[in-house]
Amino acid sequence: MGIFSLPIYTRFLSPSDYGIVALFIIFGQASSGLVSLGLQSASYRYYFKYKDNLDEYKTLNFSILIFLFLVYVIGGLLSYFFGHWVSITLFNGKLKPSLIYLSFLSGCMEYLFSYFTNLLTAQVRSFTFAIIIVSRAIIKIMLALYFIMIHSLTYMALIYATLLNQAIMVICLLIIMSDLLSISFSVYYFKKSIRFSYPMLLRLMIGMIHKAFDKIMLTNFSGLTSVGYYSFGEKFANLLKVIMDAIGKAWTPFFQNKAHENTEETKNEIAGIYLEMSFVILFIGYLLISFSEEMVLLLTTKEFYPAMYIVPIYIFYYLIGILGMLSLNQIQFSEKTLYILPASIVSVLLNISLNILLIPDYGALGAAIALFLTSLFSSLIHMYFGNKLYPIQVHWWKLAIMFLLTVIFSVPTYYLMASEMNYILKILAKFIFILVFFIFGLRFNFISKENINLLLKKINPRFT
C-alpha cells in the first residue's frame, strides 16, 4: 500500500524531503533501540519457554515494559535538552533540533509496536496480526494525504502521520495484549531477560550503524538528495523485506517448536523446509530485481529515476538475510547469544571502512554496496556459530548454487536499465530470464514439484 501511494507522494515531495524523513526515522530507531537493550528478543524467546506457565511470563513481560517506560522517559528528556547538539554534530543541521525529540518519541513507539506484534506471532495469532498491519498501513496513508492535501505540508506530513499512526497502534496493541500483562515486577525475571538480551545489544548497535552511518555520511558528503535516492531504493526493496518478514513470522515459531523436540527427524524437517523457503524468497527477490526499473518509472517522477540502480543491490542485502533466518534462530534457541558478538564486531568495522571508502566516490550506490558486503560477511559468521551451537545438516551447496544463480541472472538487469532497447523487448527478455531461472530451480530440485502442485491445488482445486 505504501508503494502504490508513491505516485501521489512523489508529486508533492522531493528527494531531499525523503532524505529528511529517512534521517528522522533512523535517529529515532537507533536511539530508542539502544536504550531498549534488545529486551524485545528476551520477551519473544521466553514466551516459548513459559507459554505453559503464563503467570511467570506475565511477570517477566511486565518487568521489561516497566524498564522500557523509565528509560524512554529519561531518553526523551535527554533528546529534548541535547537536540541542538545532535542536529549539528550528526546531521550538519539538516535535521532540525525540533525534530530530534519527535524522532526519539517515534522510535520508542515503533519499538513497542514491534515488541507487541512479535508476541502476536509467537502466539500464532495471524488474523489479529494481519488486521493490525493492514490497519496501520491504511491509517498512515490517510493521515499523510490529509496533511498533504488539506494543510499543504511536505515532509512534515509524513512525520505527523507516522507519529499519530504509531500512537493509535500502540494503544490498540496494549488492549489486545492485555492478557499477557500483570502488575507484578520481578528483579529475578528482569535480570534473566537482561542476561539473555545484552549480547544482542551490540548486534543491535551494528544494525543501527548499518542504517545510520551511511545516511549520516551521505548527508555530509552528498547532501539530502542523495539520502533521498538511497532511502527510496530501500523503500522499493522493502517489498521483499515485507515478504521475508511475513514468512519469518511463521518460520520462527515453527523452528522454535520443532527445535524443542530435538530429534534428527525434526532437524531434517527444518533443513528441508529452510531450503525450499530460501528458493522461494530468492525467486521473489529476483522478480523484484528484474522489474525494479519498471516500478521506479511507473510509480515516481523523473527526479527519482536514479534510485532504480540502488534497488537491486538493496534487494541482495535483504536476500542475504536468508542465512540469518536459520543461524540466528539456532543461536537464540541455544540461549548462548554471546556468540552473536563476533559477527557484530567484524560487521561494524567493515561497514564503517567500506562506507568511508565508497561513499565519497559513489554516493548512494556506494552506500548500498557497503551495506550488502557487510551483511554477507556478518551472515557467514552467524551461520558458522549457529551450526556449532545447534547443528542442523543442511545441503549448503544447494543454497550456494541458489545465490550464484540469482547473481548471474541479475547482472543483465543493469544492462537492460542502461540500454535504449525497445520497452516491449525489455519486458520479453526479462520474462525469458525469469522462466529459465525457475526451470533451473526445478532442475536442481530446489523446490519439489509435489509442493508446487499442492500450492496450485490450494489456489484452485481444479489443478492436479
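Q: Which residues does asparagine 61 touch, not counting residues up to four places away in sequence?
A: In this predicted model, asparagine 61 touches Ser43, Tyr115, Leu119, Leu180 and Leu181.

Q: And where does asparagine 61 lie?
A: Asparagine 61 lies in helix α4, which covers residues 54–81.

Q: Is asparagine 61 buried or exposed?
A: Asparagine 61 has a relative accessible area of 1%, and because buried means under 20%, asparagine 61 counts as buried.

Q: New topic, helices α2 and α8. At what angle do the axes cross?
A: Roughly 30 degrees, and the axes come within 9 Å. Helix α2 is residues 15–35 and helix α8 is residues 155–176.

Q: Does that count as roughly parallel or roughly antiparallel?
A: Angles under 35 degrees count as roughly parallel, so α2 is roughly parallel to α8.

Q: Left-handed or right-handed crossing?
A: The crossing of α2 and α8 is right-handed.

Q: Which residues meet there?
A: From α2, Asp17, Tyr18, Ile20, Val21 and Phe24. They meet Tyr155, Leu158 and Ile159 in α8.

Q: How many of those are nonpolar, polar or charged?
A: The contact of α2 with α8 has 7 nonpolar residues and 1 charged residue, with no polar ones.

Q: Last thing, confidence. What pLDDT does the protein average?
A: The average is 83, and 91% of the residues score at least 70.

Q: Which elements have the lowest and highest mean pLDDT?
A: Helix α17, residues 449–459, has the lowest mean at 65. The highest belongs to α8, at 92.

Key
Residues are numbered from 1 along each chain as its sequence is written. This is a predicted model: local features need pLDDT of at least 70, side-chain atom pairs count only at pLDDT 80 or more; totals for chains, interfaces and linings use all residues. Side-chain values use heavy atoms; hydrogens and water are left out. Axes are lines fitted to C-alpha atoms, for helices over the stretch in contact, and angles run from 0 to 180 degrees between N-to-C directions. Helices (H or I, at least four residues) and strands (E, at least two) are DSSP runs, numbered from the N terminus. Angles under 35 degrees count as roughly parallel, over 145 as roughly antiparallel, 65 to 115 as roughly perpendicular and the rest as oblique. A crossing is left-handed if the near helix is turned anticlockwise from the far one by less than a right angle, and right-handed if clockwise. Contact means heavy atoms within 4.5 Å. Ala, Val, Leu, Ile, Met, Phe, Trp, Tyr, Cys and Pro count as nonpolar, Asp, Glu, Lys and Arg as charged, and the others, Gly among them, as polar. pLDDT is the predictor's confidence in each residue, from 0 to 100. Buried means under 20% relative accessible area, exposed over 50%, partly exposed in between (1.4 Å probe, protein chains only).
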